[in-house]
Structures are given as C-alpha cells and as structure tokens.
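Here is a friendly briefing to read with the structure open beside you. Take the topics in any order you like.

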Amino acid sequence: MIAIVDYGAGNLVSVKKALDWLGQEFAITSAPADVAKASKIVLPGVGHFASTAALARSGLQDAIANAIEIGTPFLGICVGMQWMFERSQESRETSGLGLLQGECERFPASVKSPHVGWNQLEVNPSSRLLRGVPSASFVYFTHSFRAPVAETMVACCEYGGRFSAAVERDHVFGVQFHPEKSGEIGLKILNNFCGL
Amino acid sequence: MLTKRIIACLDVDGGRVVKGVQFENLRDAGDPAELAKAHSASGADEIVLLDISAAHERRATLLDTVRRAARQLFIPFTVGGGIRTLEDAAAVFSAGADKISINSAALADPTVITRIAERFGSQAVVVAIDAKRSEDSSHWEAFTLGGRESSGRDAIAWAQEAEDCGAGEILLTSMDRDGTGSGFDCELTRTVADSVRIPVIASGGAGGAKHFVEVFREGHADAALAASIFHYGFSRLADLKREIGSQGIPVRWPC
C-alpha cells in the first residue's frame, strides 16, 4: 500500500486522482504507523515551506526518516521535495529533513515569480524515476522557491538560472514539478515510481 | 524554456458549456467534462471552468460538473464562479480543482484572497478581473457581478492589491473585447502585466493565432485564454499552438 502523507497542507485530490487512474492501491494518511508499514511513501506539498513543520510535530518526520532508512521508496513533490533538503529561505525557522545538502532559494528578481507553467527538463538518462522521459519533455511547475543544483540532480530546469527539477538517490526521489498535473509524461513518472 | 500557456475556458451555465458575445446571447456548446477532456487531448495547457450564472444567482458552483471534469484531467484545472468564502473554495478543491478563480467576492472583501491562500497556497488562488475602459478612456474599471456593475475600482490598482493579498495569478478579461474575436486588449494586458510580479492570463477577444502572438509579444501576457474559438471547430487547439510556435513564441508543442 502506498501512503500519501497528509500533513494538513494544501490539496491532495490531484495526487489521489492520478494514482487512482494508474490503478494503484493507496491510503491518504496522517498516522505515523501507516507510514511505517507503507510499501512506498508519497509526500505531496503545495504552499509554504513552513507548513512542513507539522511533519516534525506529528511524528510523521521520524516515521518517514525511519522508513527511508529501511529502504522504503519515497517521492517528495514540490514542497515535499524541498523538504528533503536542509532548509529553505522561505522559512528560516523550519528545518528540512536534511537528506540532501543545500538550501532552497528564492528566484532572482530578473524573472517573474512564482514560476508558473510548463517548462522543459534536461534529463539524466540514468534516472530510474525518469525512465522513458526524454530530455526537453514539458512538465508543469508552480513554485516561488527552488532547490539548488545538487549532486543528486537527475533533471535540470532553466528559469532565471538552472535549478534541480528532479533529484534521486537510491530509493529516494523528489520532483519540483507536479507529475499529477503534467499530462501523459507526468503519469509516466508516477507510474515509474509505483513500479519500483 | 518556460512556455506561454494557452488556456481553454469553459463557460458553464446549468451544467452545460455556453459562450456569449460580450456576456450576453448565450449559445449551448456541450458537456463540460467531454469538452475539458477533448481540449486537454488536443493540447490545452490548462482548463478553466467558469460558472457564469453563479455570481448573480448566488448558487453554489456545480460541484458535480467539477468532479466529472476533474476525473480525467491531468493538467491544471481552475474553477470559478460564485466562490465567496473559504468553505466554498474548499468544496471546489475537494471536487478536484487545482485552483479557484475569485472575482466579485474578492472585490467585496479582499481578505478572502488571503484566507484561501493561507490554507491552500497562493498558487491555488487566481483573482479574475473583468476590466472595462472608462467612458473618458483614461483608465480601466474593474467590474463585478459577472460584468454587470462597476466596482468603481481602477483595474490596475486592484490587480496590485490582489497580489499583495496573496493572489497567485491574475485572470484579466477585457470586457470591451470579450467575444468579439477582434484580438486581445494588448494595452490593458501590458499595463497590468508590467504592474505585478505574478503571472497574468489575458482573456477576451481571441480570434486567431495572430492575436495570441500579439498578446504574448506586445501585451507581455504569461498565458492567454479563449473559449468560443475552440468550441465550434473554429480553430483546432493543436493547429493554433503550431502556428503560434512557428512565429517564435515558446509553446508546449508537441505535448
């Protein structure tokens, strides 16, 4: 059973709808015990980095960290991906999981913010998450802060400079864009994750 | 490169898609769920569903229509019309919308923008502005209640205030051009787009590919929305995107 983690931030309907479409079994949960026994974990996220503080308060952060430790595949989406890093300029007082090094940062003033719309990926062909996704594929983004270019980056995007659109390390994955809103390509990426 | 979005709009009344010329003389154009899916398949970057009757009849947005349309849509989906409160917005989100569009209620009480943005994120809040050139042509006024009454507010100042309140995007409709097919109001669009930092969606007046090229190039729009040109086989979305792309505007094609 895939656990979609509900920590009270934003709208989980579109992720749920996409997994339904792919015929996956899943549960939307805010219980650490469900996360602990999940076969895979999806951490969606829309909104503010500060909303992830609820993960630490509720015990979900420890449950996720432990599950990752024992090899449970994990996918963070949007703010869910940013949370995998150490911190974000969006909320100094909120710590990320710190699984990946670096800080999420604001877009430069030279471009409009938020970055909203369909932009292209430059894909590292060795990515398991992005298997079958060609470079230059379009995906849908909506965010005001971005993850830095990291060693774990498997897809890069350009908007006011390059940033990590997808990261991957072993069984831990993150995407800044919304695969559940990115048409056929997005569904393929979610299906890749579900099939791991 | 970030592409310019082409958004297909479904104006819905009583569960059917309709499209009026300058907000009147409505004609029936089909089932919203079917049309949304067809537009997505032919390359729409986003779907907007506006319940055009809701604001003045004060009835709830057609949640059932939203649910049916959302089920098979895997591109961004915005719903507007008759949303007055955080609770109204929450109901639309749980029916499957990714963003809500709010107009009259935000003009009446801008703090509703903030309340929805705090709960669902700014990216989920689109403030729709129906703008009409003032009689002396000196400025644009923001209209309320489906374009039936002037709010007395300057459209540009209102767009800036909406951004400050937490709006994630502005959906800017030129009432002077709406339904005419004579082209977007590039001057209005550019004035608003250059006054805010959030994306501006131009609406009202699309008649062909050249109008989209103009509003992206001269109007500084981030996205452009049209309804009637897609509904009656007037212009296939795929052909339209190819044509816009061939003129050097970055669009998502093929998709």
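## Cis peptides and a predicted model

Pro254(B) sits in the segment that follows helix H11 (237-246) of chain B; helices (H or I, at least four residues) and strands (E, at least two) are DSSP runs, numbered from the N terminus. The peptide bond between Trp253(B) and Pro254(B) is cis, with omega about -5 degrees. Please keep in mind that this is a predicted model: local features need pLDDT of at least 70, side-chain atom pairs count only at pLDDT 80 or more, and totals for chains, interfaces and linings use all residues. Residues are numbered from 1 along each chain as its sequence is written, while chains are lettered from A and ligands numbered from 1 in the order in which they are written.

**The loop between E6 and E7 of chain A**

- A cis peptide bond is also found between Ser113(A) and Pro114(A), with omega about 5 degrees.
- Pro114(A) belongs to the loop between E6 and E7 of chain A.
- Val111(A) lies in the loop between strand E6 (103-106) and E7 of chain A.
- Val111(A) has 13 other C-beta atoms within 10 Å, so it is partly exposed; a residue is buried if 20 or more other C-beta atoms lie within 10 Å of its own, exposed if 12 or fewer, and partly exposed in between, with C-beta atoms placed from the backbone.
- Neighbours within four places in sequence aside, Val111(A) is in contact with Tyr159(A) and Gly160(A); two residues are in contact if their C-beta atoms, placed from the backbone, lie within 7 Å.
- Val111(A) and Gly161(A) are 50 residues apart in sequence, with 9.6 Å between their C-alpha atoms.

**The sheet of chain A**

- In chain A, 8 strands make an open sheet of mixed pairing, in the order E2-E1-E3-E4-E13-E12-E11-E8; two strands pair if DSSP finds at least two bridges between them.
- Its edges are strand E2 (26-29) and strand E8 (122-123) of chain A, each of which pairs on one side only.
- Helix H1 (residues 13-21) of chain A packs on the sheet, where it touches strand E1 (2-5), E2 and strand E3 (40-43) of chain A.
- The direction of H1 makes about 165 degrees with that of E1(A); axes are lines fitted to C-alpha atoms, for helices over the stretch in contact, and angles run from 0 to 180 degrees between N-to-C directions.
- E8(A) and strand E11 (residues 153-158) of chain A run antiparallel and are joined by 2 bridges.
- Val123(A) has Ala155(A) as its bridge partner in E11(A).

**Where chains A and B meet**

- Chain A brings 28 residues to the contact, and chain B brings 27 residues.
- On the side of chain A that touches chain B, H1, strand E7 (115-120), strand E9 (138-143) and helix H6 (183-194) of chain A each supply at least two residues.
- E7(A) gives the most to that side, with 6 residues.
- The residues of that side of chain A comprise 10 nonpolar, 13 polar and 5 charged; Ala, Val, Leu, Ile, Met, Phe, Trp, Tyr, Cys and Pro count as nonpolar, Asp, Glu, Lys and Arg as charged, and the others, Gly among them, as polar.

- In helix H4 (residues 86-94) of chain B, the buried residues are Asp88(B), Ala89(B), Val92(B) and Phe93(B).
- They lie on the same side of H4(B) because they cover an arc of only 135 degrees around the axis; the arc is that of the directions from the helix axis to the C-beta atoms.
- Packing partners of the buried residues of H4(B) include H1 of chain A and helix H3 (63-71) of chain B.
- Gly96(B), which follows H4(B), has a positive phi near 120 degrees.
- In helix H4 (residues 60-69) of chain A, the buried residues are Leu60(A), Gln61(A), Ala63(A), Ile64(A) and Ala67(A).
- These cover an arc of only 165 degrees around the axis, so they share the same side of H4(A).
- Just after H4(A), Gly71(A) has a positive phi of about 100 degrees.

**Positive phi outside glycine**

- Ala136(A), in the loop between E8 and E9 of chain A, has a positive phi near 80 degrees.
- With 10 other C-beta atoms within 10 Å, Ala136(A) is exposed.
- Leu145(B) is not a glycine, yet its phi is positive, about 55 degrees.
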